[in-house]
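Here are my notes for when you open this one up. Have the viewer ready and follow along point by point.

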Amino acid sequence: MKVQISEDLVLNCMRCGFCLPACPTYREKQVESASPRGRIALMRAVMEDKLDILDIADPLDACLGCRACEPACPAGVTYGAILEQGRAQLAEVRPLPGVVRWAYRWLLGTPGGIKFSAWALWLYQKLHLSSLVRRLNLVEKIGGKGLADMEKVIPPVASPAQRAARKPAYPAVGARRYRVAFFLGCLSDIVFFETNQNAIDVLTRLGCDVELPAGQGCCGAVHSHAGEHAMAVEQAKRNIAAFEAGGYDFIVSTAGGCGAALREYDKLLADDPDWADRARAFSARCRDFSELVEQLGPVPMGEMPGTYTYQDSCHLRNVQKVAAPPRNLLKALPGARFVELPEADRCCGAAGTYMITQALMSDRILDDKSEKVRETGASTLVVANTPCHLEMLEGIQRAGLADQVQVRHIADVVAEAVRKAAPAGEEA
Amino acid sequence: MLRPEILSALQAAVGEEWCLTSKADLVAYSYDATPLYQRLPDAVVLPRTTEEVAAVMRVAHEHRIPVHTRGAGTNLAAGTVPAEGGIVLSLNRMNKILEIDQENLTATAEAGVITADLHKAVEAVGLFYPPDPGSMTSSTLGGNVMESAGGLRGLKYGVTKDYVMGLTAVTADGRIFRAGGKNVKDVAGYDLVKLICGSEGTLCIVTEVTLKLLPIPETKRTALAAFPDMEAAARAVSKIIAARIIPCTLEFMDNGTIRAVEEYVGLGLPTDAAALLLIQQDGPASVCDADIARIAEICRQEGATNVEHASDPAEQDRLMQARRWALSALARRKPTTILEDATVPRSQIAPMVAQIQRIAEKYRLDICTFGHAGDGNLHPTCMTDERNKEELERVEQAFAEIFAAALELGGTITGEHGVGEAKSPYLEWKVGPVGIELMKNIKKAFDPHHILNPGKLFAGETRKRVVVRQ
């Protein structure tokens with residue numbers, strides 16, 4: 001499918017430059033081609049045949065896609081959409097390496113592939129292959145420094161037995177208030193299975209019937225960010241088909257990035273007459289975990305001593321527009337102190353696969369972030385998205401803070417607090 | 001294309017990494033915030049120090065290469081577009097605040113410091129730098145000085161040039177000099193500091209500035225008043241000033257802007273009002289309270305249908321929303337937004353707004369006006385589409401007529417955006433042939449080979465002046 005850079009979208013940029021200070025890569029590099037305004041001007045030059053798409057490959061690759069420029073834009077430019085069009089055009093003349101494309105298509109791009117990956121990763125950890133691999137520096141040799149850094153921080157993943165014990169549905173504790181469908185995600189469920197289970201537990205305790213519709217897969221964000229538009233569309237259609245039959249009140253996810261992709265299916269499929277309405281209905285039901293929990297509140301929580309701070313997930317904040325709910329939940333933790341992380345709204349450097357493909361810039365941004373975390377004096381850094389979770393684990397380790405700062409997902413923190421208030425079985 | 005030996009001389013001056021020549025980089029520095037203006041430079045150079053700037057200028061001087069200096073490129077008169085190619089000299093990397101002198105109440109900073117960052121730094125120690133141009137979150141101090149940028153607080157506190165006490169600059173042939181300093185009183189020779197303020201990069205390159213600071217006002221109060229007709233709003237403005245009250249902000253929005261904001265954000269504004277005035281006073285709480293109460297009273301006396309005022313910060317913020325959303329709401333309506341800054345003496349606001357409305361109708365254009373009522377600095381904003389060439393013709397004619405109308409009312413063609421390239425055909429209308437000649441001679445004294453921001457201020461040809469029929 002040929003994707004063109006849209007003239008209408010590009011012309012909306014009035015080049016006022018309000019996006020410059022919001023852009024993490026511009027702040028690091030101080031050159032215009034590393035800014036949103038610059039990248040739009042470059043894509044416009046491609047659209048006008050003044051530049052070749054390959055001339056602007058580096059500036060496009062260097063974009064985090066965090067979309068912090070969108071709330072800063074007075075003219076409402078849809079930067080994310082323009083970027084994806086540019087990347088799709090780039091992918092046509094500079095395809096992803098075959099093995100990456102294969103992994104996107106089959107390992108992350110199908111429900112079976114996700115299951116297989118989870119099993120393979122467990123086996124890899126179980127057989128202690130990592131020590132051998134690390135000695136030979138294999139991951140770095142194959143996938144580069146970014147992948148090697150990430151490999152080192154992946155926590156032990158759930159076993160096939162734990163996964164097999166997962167039920168297709170969890171009934172509400174007490175009276176049912178809503179019927180909720182849970183979106184598991186690919187990497188999220190592979191690496192942070194426990195977080196998803198915790199989120200489900202919290203939702204059931206707050207009166208939700210939680211179902212895990214079969215046939216769901218990856219949200220498609222990884223595909224569209226890489227310019228693989230057709231694969232992204234395939235994921236969207238699969239998920240819509242899997243979720244729409246149940247007539248759920250809400251579709252919930254714990255990963256800010258995945259949730260953002262789900263919420264934008266309406267835009268992704270807007271021009272497809274067979275799917276546009278179905279996509280709109282789907283997107284309208286999507287909620288982030290913290291957003292729904294706040295709506296269901298007040299949440300009974302037990303003592304959670306410590307100092308907590310919170311790093312926004314860019315796509316949760318800039319795309320899903322969810323910034324207050326996770327903070328409110330943390331502020332409500334009994335016995336805890338909440339400290340706002342300065343510049344929490346700036347990307348941590350993870351940016352999906354950016355931490356792997358653009359490791360150097362990613363590390364510069366990450367180190368700056370870890371320093372700010374250190375200055376808060378927090379004992380727990382709370383995150384709301386899977387790549388951010390992995391990236392901050394790496395950042396805290398690089399900064400030598402691993403003994404002082406825990407990195408936890410908001411669902412894990414809330415689940416612990418809720419269980420402290422009412423251990424299972426004591427619920428009314 | 002620069003010859004290889006010139007390029008290597010530039011690379012030697014700033015380091016290879018900071019001398020950009022890729023096709024993509026040249027496109028990325030071919031524009032500023034002015035619609036419809038674009039021109040590729042031959043190289044982009046990003047120095048880190050004043051000495052590096054001087055080294056770049058020595059190369060440019062030797063080879064007679066045009067140098068277009070820029071900060072964040074937020075200019076609205078094509079002042080930073082490299083009109084004649086050559087070098088774009090970007091000062092963004094010179095972004096250190098060097099000193100906040102609490103005894104002399106000055107701040108000294110490099111040219112690439114972002115205006116809002118300076119605000120934060122001085123406010124952290126209880127001081128205040130009043131100039132607040134609309135683009136202050138991204139614009140740089142160097143750019144502010146070169147345009148003598150204004151802002152919302154101009155009425156009470158003046159504009160950038162009122163705060164520049166000293167500067168470090170580099171001449172066209174690459175020599176470093178300082179002008180002014182921290183002295184409140186200093187009449188040693190011509191006032192080069194004031195001359196350089198607003199010179200739009202055509203005289204020298206400012207690399208460091210020393211700015212005057214004030215103690216931060218204790219608190220603020222805000223009022224919002226809706227008027228059934230423009231004259232009533234204008235009368236209220238005059239009466240407020242006549243009552244010996246100088247508010248720190250006195251902003252105005254016309255009916256078109258009110259409707260655009262309401263349509264976009266839905267703040268519950270009265271969409272049938274002809275004008276909104278947004279008024280803010282700062283200072284000691286008791287003075288602010290008294291002033292705002294008196295202002296509200298004056299607005300009601302002059303026929304305001306609805307007056308709200310607030311002291312609670314969140315409430316004040318809500319009232320400020322309308323003005324803050326003005327540009328966004330207008331910019332979203334059509335792809336191309338042309339924002340001008342025709343300015344008249346405060347007493348002429350009502351006739352000027354009437355002229356703008358008449359001209360918009362005459363040329364069948366969508367022009368809304370908002371701006372700084374207190375200092376007569378208006379922003380007639382035209383929403384158009386750059387693909388519609390026929391309409392663009394009409395836009396140009398309409399703005400020519402708006403500038404002529406402002407001059408008839410004793411105003412000026414630009415209050416705070418600068419002349420740049422976009423308004424150069426109109427400069428002579430304002431300053432006359434003698435003014436142009438004097439300015440050109442000043443330019444020659446600073447830049448005999450015409451390499452500093454050529455193509456700006458002075459037009460190849462002055463437009464024939466439009467006669468405005470009242």
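This is a predicted model: local features need pLDDT of at least 70, side-chain atom pairs count only at pLDDT 80 or more; totals for chains, interfaces and linings use all residues.

1. Residues are numbered from 1 along each chain as its sequence is written, while chains are lettered from A and ligands numbered from 1 in the order in which they are written.

2. Now zoom out to the sheet. In chain A, five strands form an open sheet with mixed pairing, in the order β1-β3-β2-β4-β5. Its edge strands, β1 (169-170) and β5 (286-288) of chain A, each pair on one side only; two strands count as paired if DSSP finds at least two bridges between them. Helix α19 (residues 289-296) of chain A packs on this sheet, touching β4 and β5 of chain A, and its direction makes about 85° with that of β5(A). For that angle, axes are lines fitted to C-alpha atoms (for helices, over the stretch in contact), and angles run from 0 to 180 degrees between N-to-C directions. As background, strands of a sheet pair through backbone hydrogen bonds, either parallel or antiparallel.

3. Further along chain A, look for a right-handed β-α-β unit made of β8(A), helix α24 (residues 386-398) and β9(A). Right-handed means that, with the strands pointing away from you, the path from the first strand over the helix to the second runs clockwise. Strands β8 (residues 380-383) and β9 of chain A run parallel, with four bridges between them. One pair to find is Val382(A) and its bridge partner Arg408(A). Arg408(A) sits with Gln406(A) on the uncovered face of β9 (residues 406-409), whereas Val407(A) and His409(A) are on the covered face.

4. Chain B has its own β8 (residues 164-170). Is this strand buried or exposed? Seven of its seven residues are buried, so β8(B) is largely enclosed by the rest of the structure. Buried means 20 or more other C-beta atoms within 10 Å of a residue's own; exposed means 12 or fewer, and partly exposed lies in between, with C-beta atoms placed from the backbone.

5. β8(B) also has two antiparallel partners to trace. Six bridges join β8(B) to β10 (residues 205-212) of chain B, where Val164(B) stands opposite Leu211(B). Five bridges join β8(B) to β9 (residues 176-180) of chain B, and there Gly166(B) stands opposite Gly180(B). The hairpin of β8(B) and β9(B) has five residues between the strands, and Gly174(B) takes a positive phi near 90° in it.

6. Last, the two chains touch: 28 residues of chain B are in contact with 25 residues of chain A. Contact means that the C-beta atoms of two residues, placed from the backbone, lie within 7 Å. On the chain B side, α2 (23-28) and α12 (326-331) each supply at least two residues, and α2(B) gives the largest share, five residues.
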